[in-house]
Amino acid sequence: MKNDYEAVVGLEVHIQLLTNTKAFCSCTTKFGTSPNMNTCPVCLGHPGALPTLNKSVVDYAITLGLATGCEIRPFSIFSRKNYFYPDLPKGYQISQYEDPICYDGALEIELAEGQKRIGITRIHIEEDAGKSIHDVDIDTLVDLNRSGVALLEIVSEPDIRSAQEAYQYLMQIRQIVMYLGICDGNLEEGSLRCDANISVRKRGTEKFGTRTEVKNLNSFRNVERAIEYEINRQIELIESGGTIVQHTMLWDATVHETKVMRTKEKAHDYRYFPEPDLVGVSVSEEWMQQIRQRLPELPLARKQRFIEQFGLPKYDAGILVDEQSLGDYFESVVSKLSGKTEESYKLVSNWLMTEVMRILSERKIPASEFELPAEFIAELVDLLVTNTISSKIAKEIFPQLLTSNKSPIELVKEQGLAQISDEKLIESLVKDILSQNSENVEKYKAGKSNLFGFFVSQVLKQTEGKANPKIVTEILNRELNNN
Amino acid sequence: MISYSTFRIAAQNGTITTTDSTRQVVSEIEKQKHLNAFLTVCESEALAQAATSDKHFATGSPRLLEGMVIALKDNISTKGIRTTCASKMLENFVPVYNATVVDRMNAHGGIIVGKTNLDEFAMGSSNENSAFGAVEHPLGDNLVPGGSSGGSTVAVAAGLVHVALGSDTGGSVRQPAALCGVVGFKPTYGRISRYGLVAFASSLDQIGILASDVSTTARFFDAISGIDERDSTTAELPATQSLAMIEQPLLRSFTVAVLPDSELAGCDADVLKVYYSRLEILRQNGATIIPAEIPGSTAWIPTYYILATAEASSNLARFDGVRYGFRATVGDDDEDAMIVRSRTQGFGAEVKRRIMLGTYVLSSGYYDAYYRKAQKARRLVLNGYNDVFTKADILFLPTTPTPAFKRGEKTADPVAMYLSDYFTVSANLAGIPAISIPAGTSSEGLPIGMQLQAKSFDDERLLYFAHHFYQLFN
């Protein structure tokens with residue numbers, strides 16, 4: 001029954017911009033100050049105060065627009081979205097309505113069955129409201145530090161067909177805005193917010209079903225869960241003979257259900273009209289060109305390049321590009337390798353995905369704040385590839401790199417950790433071991449082949465782990481099996 | 001009260017001090033209290049400013065407005081001084097910042113003696129809509145002084161101040177100026193910063209100047225005009241230099257456009273008499289009179305009231321009792337109910353009427369029929385004016401259809417009241433500069449004003465013509 005239906009989902013994503021000051025006044029956007037400290041007559045909505053546009057907001061909007069293949073409108077205007085709310089100081093939000101600054105873009109998402117293109121209808125600039133705090137005994141409290149902080153709203157086409165696709169789309173947006181450095185991408189803290197428009201229809205039909213809007217999707221998990229829930233709720237309702245009503249729903253993350261927040265009759269009439277206090281935004285070709293030149297390589301393209309250029313598995317490439325500075329760190333290490341082979345690249349990837357990422361997650365820092373010079377990892381991998389040290393030794397000296405401020409080569413020299421690869425020396429050691437353990441040699445030759453490991457470990461023990469295990473194995477084989 | 005130019009010479013000569021003149025003004029305001037022109041008198045602040053002015057005069061370095069006594073319409077934000085907009089909503093509201101014009105006049109040595117009465121939030125044409133009582137016409141007789149800048153106009157007309165600031169959204173400076181017999185100037189939109197002017201209709205609002213002569217108007221305009229980075233709608237132009245310009249002799253020939261006679265049909269006979277006689281004077285002094293055709297003049301008032309109320313409905317949304325201003329008693333119900341109660345009790349009837357009108361014309365399903373259509377009509381007005389000013393220096397027309405009317409005469413009929421703005425709203429729709437100058441009196445001795453309009457950013461030339469016409473008429 002469920003398979004007879006197809007979900008049609010569109011997402012509205014709000015991202016809070018990392019501009020230093022608010023969208024229409026010069027108040028700081030820094031968090032962590034006391035309530036209502038980052039305010040002025042403009043963002044408090046005092047009588048007579050007027051907004052003035054922060055140009056970097058437009059810069060960020062164009063950046064995201066270009067990164068998502070949008071058309072950029074040479075001239076766009078602001079509008080007022082009117083509604084009353086205690087934390088909305090002016091009684092309207094400055095936004096864009098007709099003719100937003102960016103339109104007609106798209107981005108690719110990765111699915112098990114391949115890539116899929118999700119259209120972007122529009123991206124527009126708006127300002128954030130303040131915060132109402134209801135959970136106090138006496139009253140509702142209002143904090144206007146957030147009032148006037150710049151947002152971009154990204155509206156997708158109804159191209160999304162499942163909760164998983166919605167999840168991937170949102171992840172992709174998050175990665176892109178973080179790569180562009182325009183948003184910190186934190187869903188839990190509200191710097192990235194998501195509402196979903198959801199409807200279902202019988203497979204093979206063209207006409208969209210009645211949609212509901214689901215709000216309060218404040219984590220990636222909740223986005224997936226809420227959409228999944230709402231799709232199933234709609235299918236079950238239709239199957240049991242009911243009809244979908246165009247409500248605004250709220251996701252309740254504690255009981256995992258969507259609940260009606262507003263009925264259509266109570267929907268706001270926002271009475272949009274052009275904002276008369278601001279002049280329009282003109283975007284010149286030169287401005288766009290400047291921004292285009294500064295655009296970084298985007299995560300998906302970078303992943304593809306990592307696969308092709310470095311021969312990395314898809315999995316590795318995905319993890320390395322997920323956070324931009326980890327990818328940067330990887331490229332930095334790779335550029336410092338003496339031996340540029342796919343074997344080395346894969347080793348670098350392994351080291352980053354295990355040892356380095358473990359430390360980063362322990363310290364909760366991005367790779368950009370990791371103090372270990374990229375040269376050290378490159379040297380370590382070079383030493384491994386040239387068989388100068390064993391991976392066992394490499395793992396042992398890694399923690400010392402972090403504490404000693406010495407390079408791997410220095411540590412290897414200082415502590416005499418270089419691997420013994422001298423065949424003559426190893427041969428004589430092997431012969432000694434075999435003659436000292438003649439009983440076991442007999443047993444081995446009688447068929448107890450698992451004793452081979454014993455001989456290897458004896459040789460390694462003799463050399464404090466420095467004998468090249470590959471050579472030890474070769475010589476042991478020769479000595480035991482040919483005599 | 002002596003004119004500012006006379007005062008300035010006397011102060012420079014040391015025969016008068018700003019402190020004395022300010023004291024005198026404060027006591028005169030007290031004597032004329034029955035006019036109800038002032039809502040707040042700031043004596044101590046004014047005297048402190050006056051002491052500074054005296055020093056400047058004593059050292060021979062008077063600034064452009066040194067010692068000039070100024071009143072501000074009480075919808076212009078003054079730091080630390082109550083700014084009420086003549087509304088119960090802001091009865092006790094004390095701003096935390098100065099409007100740009102206040103900073104500029106302070107920097108030029110002006111002395112603010114008080115804040116004047118107005119129609120609540122500048123909505124009205126008779127100053128009967130103030131929460132703190134109507135303003136009296138200086139001639140008494142139960143006449144209205146006009147509005148909405150009634151208090152500022154009366155302060156000038158009664159000789160209480162040298163100059164007063166008003167705001168002109170559809171004629172609120174020019175109409176009372178005409179009714180009270182003073183000069184009322186609305187500059188080009190964007191020539192004076194609106195930062196700190198409590199918005200009624202942002203795309204139409206412009207701070208305007210009231211004074212007893214054009215020269216004081218020009219001096220004051222030069223001091224406060226020019227680009228302001230806090231108001232993005234100000235034009236990228238420096239302050240004006242009109243004071244020097246107005247003294248140049250009148251051109252031997254110039255072109256004056258006039259409306260077709262049919263447009264003047266609604267005017268009072270006395271107004272027409274003054275109008276035609278003054279036009280004859282202009283003709284005798286070198287004016288070529290040409291007809292002006294501005295299409296759709298019957299749509300001016302509806303267009304204006306749609307756009308102005310639409311913007312007002314949004315501009316006044318911030319008065320919700322949450323952060324400042326009047327708050328109704330908090331009940332057991334939610335914040336929404338508190339907001340509704342505060343607005344119901346805090347706003348007067350005319351303000352509520354306009355908020356409802358504006359909300360209606362913006363609401364979904366009606367936007368295209370009203371707001372969008374009005375925007376188109378506005379563009380037609382602008383185009384019409386552009387056409388007129390390719391041929392003429394000045395458009396000459398009455399400021400109001402009638403002289404001052406009686407209190408209560410039009411309060412029952414809002415549309416009749418709105419029609420008293422018939423000749424003034426189009427300048428706001430087009431954003432062009434316009435000025436009303438005293439031009440004569442009615443058979444009953446009531447002042448009658450005539451209006452001059454010019455093309456956008458031709459403010460200095462407009463003041464120049466106004467200065468000469470004023471002398472020709474009086």
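Q: What is the phi of Asp141(B)?
A: Asp141(B) has a positive phi of about 55°, although it is not a glycine. Most residues other than glycine have a negative phi, and most peptide bonds are trans.

Q: Which residues does a cis peptide bond join?
A: Gly147(B) and Ser148(B), with omega at about 5°. Ser148(B) lies in the loop between β3 (111-116) and α5 (150-157) of chain B.

Q: Before I go on, what am I looking at, and how is it numbered?
A: This is a predicted model: local features need pLDDT of at least 70, side-chain atom pairs count only at pLDDT 80 or more, and totals for chains, interfaces and linings use all residues. Residues are numbered from 1 along each chain as its sequence is written, chains are lettered from A and ligands numbered from 1 in the order in which they are written, and side-chain values use heavy atoms, leaving out hydrogens and water.

Q: OK. How many helices and strands in chain B?
A: Chain B has 16 helices and 11 strands. Its C-alpha atoms fill a box of roughly 70 × 55 × 45 Å along the principal axes.

Q: What does the globule rule give for chain B?
A: For 474 residues, a compact globule would have a radius of gyration near 23 Å, and chain B agrees at 21 Å. That radius is taken over C-alpha atoms, and the rule is 2.2 Å times the number of residues to the power 0.38.

Q: And chain A?
A: Chain A comes to 15 helices and 16 strands. Its radius of gyration is 31 Å, well over the 23 Å from the rule for 483 residues, so chain A is more spread out than a compact globule. The C-alpha trace of chain A spans about 95 × 55 × 55 Å along its principal axes.

Q: Which domains is chain A divided into?
A: Domain 1 (10-193 + 263-291), domain 2 (299-415) and domain 3 (423-481). The bounds come from an automatic or database domain assignment. The centres of domain 2 and domain 3 of chain A are 33 Å apart, taken over C-alpha atoms.

Q: Switching to the interface. How many residues are in contact?
A: 33 residues of chain A are in contact with 39 residues of chain B. Contact means heavy atoms within 4.5 Å.

Q: What area do chain A and chain B bury?
A: About 3000 Å² between them, 56% of it on carbon and sulfur atoms. Buried area is the accessible area (1.4 Å probe) that two parts lose on being put together, summed over both. Pro47(A), Phe84(A) and Arg271(A) supply 22% of what chain A buries against chain B, more than any other three residues.

Q: How many salt bridges between chain A and chain B?
A: Two. Arg194(B) forms a salt bridge with Asp277(A), with the closest N and O atoms 3.1 Å apart. The rule wants a side-chain nitrogen of Lys or Arg within 4 Å of a carboxyl oxygen of Asp or Glu.

Q: And over all chains, how many salt bridges?
A: The whole structure has 46. Glu331(A) forms a salt bridge with Arg305(A), the closest N and O atoms being 2.8 Å apart. Glu331(A) is in helix α7 (residues 324-335) of chain A and Arg305(A) in helix α5 (residues 299-310), so the pair ties together parts 26 residues apart in sequence.

Q: Last one: what does Lys264(A) touch?
A: Gln246(A) and His247(A), not counting residues up to four places away in sequence. Lys264(A) lies in the loop between β14 (257-262) and β15 of chain A.

Methods:
Helices (H or I, at least four residues) and strands (E, at least two) are DSSP runs, numbered from the N terminus.
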